[in-house]
Amino acid sequence: MKCPYCSYPESRVVDSRSTDGGERIRRRRECLKCLKRFTTYEIVETTPLMVIKKDGSRESFDTTKLLRGLMRACEKRPVPMQTLEKMVEDIQNTLYNSLEREVSSQRIGELAMGKLKTVDEVAYVRFASVYRQFKDINSFMDELKGLLEAKG
């Protein structure tokens, strides 16, 4: 496993634990060169889930891409990384449990917005503004009004 800090190709496993009810193994590793620690996850390879993009193209579902989008929405917000990782895990489980091998990017976006709405409203609005591509301030205000009505 290549070190994410110095790219050295060798590391040693410091700790291994089963997570997600035995579905994954979490490994703490230490780089043999720079001695920094990092975490890796080992999972059983399954049939890839394909995402149908807005333009009709298809690509493999990428949890890293989803996590990056959530991280961007939560930038400078009090949302722990562990919460974001749990959200991605929940979304992934929902998608795989649906037994569909192809899912639209809209479905993933809606699931992400549903999770964000319960965690941080500002992050939700940020994500929604990019995901829904508001055309003007009125459509943005409509989304905010809907959020306020749901809250009250």
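1. A pocket, on a 1 Å grid over the protein atoms alone, is an open set of points where a 1.4 Å probe fits, with protein on both sides within 12 Å along at least five of seven lines, and its lining residues have an atom within 4 Å of a point. Grid points are joined across faces, edges and corners, and a volume is the space filled by probe spheres set on the points. By these terms the largest pocket holds about 1,000 Å³ of space. Its lining numbers 26 residues, and those closest to the centre are Asp20, Arg24, Ile43, Glu89 and Gln92.

2. The model is predicted, so local features need pLDDT of at least 70 and side-chain atom pairs count only at pLDDT 80 or more, whereas totals for chains, interfaces and linings use all residues. Residues are numbered from 1 along each chain as its sequence is written, and side-chain values use heavy atoms, with hydrogens and water left out.

3. Helices (H or I, at least four residues) and strands (E, at least two) are DSSP runs numbered from the N terminus. α2 gives the most to the lining of the largest pocket, with nine residues. With Ala, Val, Leu, Ile, Met, Phe, Trp, Tyr, Cys and Pro counted as nonpolar, Asp, Glu, Lys and Arg as charged, and the others, Gly among them, as polar, this lining divides into nine nonpolar, nine polar and eight charged residues.

4. The second largest pocket has a volume of about 690 Å³. Of its 21 lining residues, Lys53, Lys65, Gly69, Phe127 and Tyr131 lie nearest the centre. α1 gives the most to this lining, with six residues, and by class the lining of the second largest pocket has eight nonpolar, five polar and eight charged residues.

5. A nonpolar core is a set of buried Ala, Val, Leu, Ile, Met, Phe, Trp, Tyr and Cys residues joined through side-chain atoms within 4.5 Å, where buried means under 20% relative accessible area (1.4 Å probe, protein chains only). The largest such core has 27 residues, of which Leu66, Leu70, Leu95, Leu116 and Phe127 touch the most other members. α4 gives the most to this core, with six residues.

6. In helix α4 (residues 121–131), the buried residues are Ala123, Tyr124, Val125, Phe127, Ala128 and Tyr131. What covers them, by contact (heavy atoms within 4.5 Å), includes α1 (63–73), α3 (105–119) and α5 (137–151).

Technical notes
Buried means under 20% relative accessible area, exposed over 50%, partly exposed in between (1.4 Å probe, protein chains only).
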